[in-house]
Amino acid sequence: MEDAASVVKAFQDPTIQRWHHRRTDSKDEAREWITQWQQGWRDETAVHWTIADGENDTVLGRVSLQSLNLRGGQAETSYWVMPLARGAAVAPRAVTAATDWALGETGFHRIELGHSVANQASCRVAAKAGFEQEGIRRRALLHVDGWHDMHLHACTR
């Protein structure tokens, strides 16, 4: 639960607020999220990892696989990174590691990555992580400023 302060700090960032439809303003709420993330592992519905600096254990972000379809071998990846970690390929490396684990070790067949068409940084992350763009899901996700069209990218085994 020591990561709760980092989650609150991350979600104070205007960029994270812009692209994520959830936000937290308290450590208690962040602890609830972390508890839900841990429960996802136990329920086999989602897996979440903290992205941390290997030298000093600083939290750099989070990467996850959600909407797990164990029978069909499919999942969706999502991530965020702290401002201090942007531009250093942290997100593409984390997404690649999670995807390689899912497609390799666990036998998943397909991992999807979706992001607002206006979020060019996430489009670059998807490309660097080996995800091919497949299309656009029209008005697919509600953000703070309204409904966004979403790019759909996928990586398959």
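Throughout this tour, a residue is called buried when its relative accessible area is under 20%, exposed when that area is over 50%, and partly exposed in between, with a 1.4 Å probe and protein chains only. The model is predicted, so local features are taken only where pLDDT is at least 70 and side-chain atom pairs only at pLDDT 80 or more, while totals for chains, interfaces and linings use all residues. Residues are numbered from 1 along each chain as its sequence is written, and side-chain values rest on heavy atoms, with hydrogens and water left out.

**The whole chain**

Followed along the sequence, the elements come in the order α-α-α-β-β-β-α-β-α-β-β. The radius of gyration is 15 Å, close to the 15 Å that the globule rule gives for 157 residues, so the chain is as compact as a globular protein of that length; the radius is taken over C-alpha atoms, and the rule is 2.2 Å times the number of residues to the power 0.38.

Of the contacts (heavy atoms within 4.5 Å) between residues at least 6 apart in sequence, 48% join residues at least 24 apart.

**The tryptophans of helix α3**

Next, select the aromatic side chains, among which the structure holds six aromatic pairs. Rings of Phe, Tyr and Trp (its six-membered ring) pair if their centres lie within 6.5 Å, and planes under 30 degrees apart count as stacked, over 60 as edge-to-face and the rest as tilted. Trp-33 and Trp-37 make a tilted pair, at 6.2 Å centre to centre and with 55° between the planes. Both belong to helix α3 (residues 27–43), where, being four residues apart, they are separated by about one helical turn. Trp-33 is buried at a relative accessible area of 4%, and Trp-37 also counts as buried, at 14%.

Now move along to Trp-41 and Trp-101, whose ring centres are 6.2 Å apart and whose planes meet at 50°, so that this pair too is tilted. Here the pair links distant parts of the chain, since Trp-41 is in helix α3 and Trp-101 is in helix α4 (residues 90–105), 60 residues apart. Trp-41 is partly exposed, with a relative accessible area of 37%, and Trp-101 is partly exposed as well, with 25%. To close this stop, display Phe-11, Trp-33, Trp-37 and Trp-80 together, which ring pairs link into a cluster.

**Thr-99 in helix α4**

Stay in helix α4 and select Thr-99, which counts as buried at 1% relative accessibility. Leaving aside neighbours within four places in sequence, its contacts are Gly-104, Ile-111, Phe-131 and Cys-155. For a sense of distance, draw a line from the C-alpha of Thr-99 to that of His-20, 79 residues away along the chain, and the separation is 21 Å.

**Ser-67 in strand β2**

Then go to strand β2 (residues 59–69) and pick Ser-67, which is partly exposed at 46% relative accessibility. Not counting residues up to four places away in sequence, Ser-67 touches Thr-45, Gln-74, Ala-75 and Glu-76. Between Ser-67 and Thr-45 there are 22 residues of sequence separation, but C-alpha to C-alpha they are 6.1 Å apart.

**Two positive phi angles**

Glu-44, not a glycine, has a positive phi of about 60°; it is placed in the loop between α3 and β1 (47–52) and counts as exposed at 51% relative accessibility. Arg-139 has a phi near 45°, likewise positive in a residue other than glycine. Look for Arg-139 in strand β5 (residues 132–143), where this arginine is exposed, at 56% relative accessibility.
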